[in-house]
Amino acid sequence: MITHSLQHRTALIGLMLAGLLPAIVSAEENTSFTLAKTIQDRIAKGEKPIIRVSYHDVSNEFAPFIKKGVEKAATDFGVDATLVGPVGADAEKQVSEIESLIEKGVDGLAISSVSTDALAPVIQRAMARGIPVVTFNTDNPSSKRLAFVGQNLVESGRVAGKLLADTLGGKGSVIITTLDAAAQWSIDREKGAREALGQYPDIKILTTVTTGTEPQQIYGSIENAMQAHPNVDGILSLECCSTPAAGQYVQRNGLADKVKIVGFDLLPETIKLVQGNVVAATIDQGPEKQSYGAVQLLLDVLKGKKIQDVDTGAVVYTSKNIGDYVVASKEQK
Amino acid sequence: MTLQTLSKNANPATDLKARIGSIIAARETGVLLALLVICVFLTFATSSFLTVRNLLNVGRQISLLGIMAIGMTFVLVSREVDLSVGSTYAISGLVTGMLIVRGSALIPALGAGLLLGMLIGSMNGVLSTYGRLPSFIATLGMLSVVRGAALLITDGQPVTVDTTRGGRSEVVNQFYQLGQGQLFGMIPMLLVCFLIVAAISWLVLAKTTFGFRVYAVGGSEKAARLSGIQVFQTKILTFALMGLLSAIAGILSLAFLPSGQAGRTGVGLELDVIAAAIVGGASLSGGEGTILGTIFGTLIIGILRNGLVLLSISPFWQTTAIGLVIICAVGIDKWTGLRRSQ
């Protein structure tokens with residue numbers, strides 16, 4: 001009961017403040033967000049905006065790409081933007097770090113949620129305190145964040161499914177591999193992939209293999225699954241890390257001509273396997289663009305601009321165009 | 001082993017030896033029996049279990065776990081535990097990999113990784129003896145310290161061993177051979193390394209003075225001290241050995257895959273390693289465990305994992321099943337009274 005009345009009171013104060021201060025209406029209708037007075041004052045005085053980008057696991061393969069995007073945004077826009085987040089995907093650690101940031105005072109938060117349910121309340125709390133929040137990489141739709149920068153995961157799954165089906169000529173037996181079949185991103189991509197593969201009556205999905213995240217485990221799981229299903233024609237990997245493992249398995253067992261692989265992301269090992277035609281295609285989601293774009297959106301909010309979701313797309317790389325990426329990334333360095 | 005039993009016996013060394021022998025014999029037979037039951041079941045339940053190819057796959061899959069579980073056996077027998085092995089495994093492999101990528105020759109790169117593993121192990125040992133910390137705490141701390149160090153030196157970037165950034169092609173190829181090569185064109189090198197480590201370790205633990213001291217220290221520190229055994233040195237040596245074996249496994253892992261990442265490589269491995277040794281008969285209360293038992297324990301975990309996939313059982317059940325095996329393996333022992341209550 002006490003909490004209820006408190007919530008009412010906070011809501012009332014919120015309404016009062018909303019009347020006094022200019023409101024920024026986000027891309028989503030019916031959601032109003034009010035920038036905190038302290039932040040407005042700081043920006044008005046021309047102080048450097050402080051942006052924190054919280055990625056759900058700063059120790060994974062993907063984090064260096066995300067970090068690069070943040071650093072680039074910090075230089076390009078002249079803001080204080082840094083990457084934060086837990087070492088090892090851990091919702092509790094991510095939440096408590098964000099809580100401390102809210103207390104310390106930041107001008108904007110970009111968040112990639114390790115778990116949608118666990119992060120939604122803290123995002124709402126930040127927004128209630130007048131700190132703008134956008135999500136990137138992994139969305140959190142139930143949190144009423146201002147906007148999302150990243151790949152449409154279901155759509156990217158569809159793209160992957162269709163690619164594999166076309167590579168297989170519309171028929172064959174397929175296994176799907178994922179680091180964690182129960183994770184939201186995996187569920188979304190698998191849904192899209194199964195939808196796309198389902199359009200082809202002669203394609204049979206044998207099983208979804210959860211590989212775990214430890215490299216030896218990933219390889220061993222794929223090996224065991226291939227032993228259990230000796231007639232596999234295609235492997236659809238849903239993420240960065242079982243893609244190269246599947247490629248290595250196929251290459252080492254002389255199956256490169258028989259088993260087609262479609263996967264995700266551009267780890268160094270994956271690039272080599274695409275160049276060698278072992279992995280037929282891989283889908284990039286532009287991780288650097290995700291964190292860069294998130295910082296950019298937050299700065300727009302601080303300037304009072306309206307913002308919208310940004311789709312960083314699903315760029316397909318095969319042996320034909322992977323060279324372009326390699327050249328481009330070398331030039332960047 | 002208590003002080004009272006000791007005072008009744010004029011020669012604590014013979015007494016220790018006799019007791020250890022009888023406990024071990026019973027336990028190993030039980031584990032082997034369980035292993036055979038699982039194998040027979042899988043042979044009839046699946047068409048692909050009992051094939052040379054699958055068995056060699058399983059052999060390779062358990063090799064790294066087995067090498068580390070052997071090290072853990074030494075540590076557990078000495079009545080300590082090492083939780084930092086997954087991190088040591090990661091950093092040793094990554095350091096070796098980074099040196100090769102930067103153009104180092106093979107031997108110095110391997111040496112650096114192995115030495116680092118031994119150093120971390122020794123540090124665990126010193127903290128748990130002279131530092132007077134329980135090894136559970138000391139190595140829990142080191143788990144984090146070493147994992148963080150691995151992230152720092154790699155800056156979170158994956159380490160891929162190849163020639164694109166200055167690695168010498170002959171060195172890279174030799175390194176690949178170490179992990180991906182096959183003896184007689186079929187036996188995976190990882191399995192060969194495991195068997196070599198197992199043979200040497202069996203000799204050391206069962207037949208040498210050092211091995212005897214490890215049992216004595218774990219059976220009763222006081223008795224061991226009274227028999228003139230240098231307890232701290234013995235323990236530090238077992239930790240150093242554990243570190244060395246973790247490093248060997250970590251380096252072989254990178255040679256096999258050839259890409260590692262400080263945030264994921266070997267994360268959570270300590271639990272599998274401890275489980276393998278425990279299922280094989282080692283005890284957290286020290287003084288018990290053998291290399292042969294640990295090999296059986298590792299095989300049970302590896303074959304179970306392989307078998308559950310061949311049977312197309314959900315991965316969530318696989319996790320549950322392995323947990324149940326750990327409980328049953330130790331439980332059956334206690335419930336049937338094969339082991340004396342402690």
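1. The radius of gyration is taken here over C-alpha atoms, and the globule rule is 2.2 Å times the number of residues to the power 0.38. Chain A has 22 Å, which agrees with the value near 20 Å that a compact globule of 333 residues would have. Its C-alpha trace spans about 70 × 50 × 35 Å along the principal axes.

2. This is a predicted model, in which local features need pLDDT of at least 70, side-chain atom pairs count only at pLDDT 80 or more, and totals for chains, interfaces and linings use all residues. Residues are numbered from 1 along each chain as its sequence is written, while chains are lettered from A and ligands numbered from 1 in the order in which they are written.

3. Domain 1 of chain A takes in 2-150 + 287-312, and domain 2 covers 153-284, with bounds that come from an automatic or database domain assignment. Their centres, taken over C-alpha atoms, are separated by 34 Å. Four residues from domain 1 of chain A and five residues from domain 2 of chain A form the contact, where two residues count as in contact if their C-beta atoms, placed from the backbone, lie within 7 Å.

4. Helix α3 of chain A (residues 63-77) reaches 21 Å from its first C-alpha to its last. Its buried residues include Phe65(A), Ile66(A) and Val70(A), a residue being buried if 20 or more other C-beta atoms lie within 10 Å of its own. Among the elements that cover the buried residues of α3(A) are β3 (50-54), β4 (80-84) and α11 (287-302) of chain A. After α3(A) comes Gly78(A), with a positive phi near 65°.

Notes
Helices (H or I, at least four residues) and strands (E, at least two) are DSSP runs, numbered from the N terminus. The expected span of a helix is 1.5 Å times one less than its number of residues. A residue is buried if 20 or more other C-beta atoms lie within 10 Å of its own, exposed if 12 or fewer, and partly exposed in between; C-beta atoms are placed from the backbone.
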